[in-house]
Amino acid sequence: MKPTKNRRVAGLDRLKLSNEIRKVMKLEKAVWKAARSKDAKSFAKLVPGDGLMIFQSGIMTQPDYLATMRDRTLEENVIEDLQGHMPNPTTIILTYRTIRAGSYQGKEFSNSTVIESTTWIKRANRWVAILNQETALRD
């Protein structure tokens, strides 16, 4: 069976989609790097002012996170089973598993495996993380 033009276009669309997802996966890792190194400027570029983070301790806005960034220490983490889903051209949802380890205001928080989900949206032709949620896995 000879490939049709529509099949070739569909193949190119899938390639573009997977390239966008890979690009956002790199950005997700950059968010973690910025948080670990307490780089507020890089973090704010990736997570906009209206971004939300849902932690086990509660809901935090990007400005609140930046205000407490110096009090927070994150250990090196490994992202496992990173997957992406692109429901439309301006939204990518990433899911993965990682170990949440570190401290806040000198108090260690429990090292636990969490499932993370981050929703990225395209704004002004660049990707930003608008919502992140962590869910603890039961031991």
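User: Which residues touch the most other members in the largest nonpolar core?

Analyst: They are Phe43, Val47, Tyr65, Ile92 and Trp120, in a core of 24 residues. A nonpolar core is a set of buried Ala, Val, Leu, Ile, Met, Phe, Trp, Tyr and Cys residues joined through side-chain atoms within 4.5 Å. Buried means under 20% relative accessible area, exposed over 50% and partly exposed in between, with a 1.4 Å probe and protein chains only. This is a predicted model, in which local features need pLDDT of at least 70, side-chain atom pairs count only at pLDDT 80 or more, and totals for chains, interfaces and linings use all residues. Residues are numbered from 1 along each chain as its sequence is written, and side-chain values use heavy atoms, without hydrogens and water.

User: Which element gives the largest share of this core?

Analyst: Helix H1 (5-36) does, with seven residues. Helices (H or I, at least four residues) and strands (E, at least two) are DSSP runs, numbered from the N terminus.

User: What does Tyr65 touch?

Analyst: Leaving out residues up to four places away in sequence, Tyr65 contacts Ala35, Phe43, Met53, Phe55, Met60, Arg72 and Leu74. Contact means heavy atoms within 4.5 Å.

User: In what sense do E1 and E2 pair?

Analyst: They pair in the antiparallel sense over four bridges; pairing requires that DSSP find at least two bridges between two strands. Leu52 stands opposite Thr61 in E2.

User: And E1 with E7, parallel or antiparallel?

Analyst: That pairing is parallel, over three bridges, and Ile54 has Gln133 as its bridge partner in E7.
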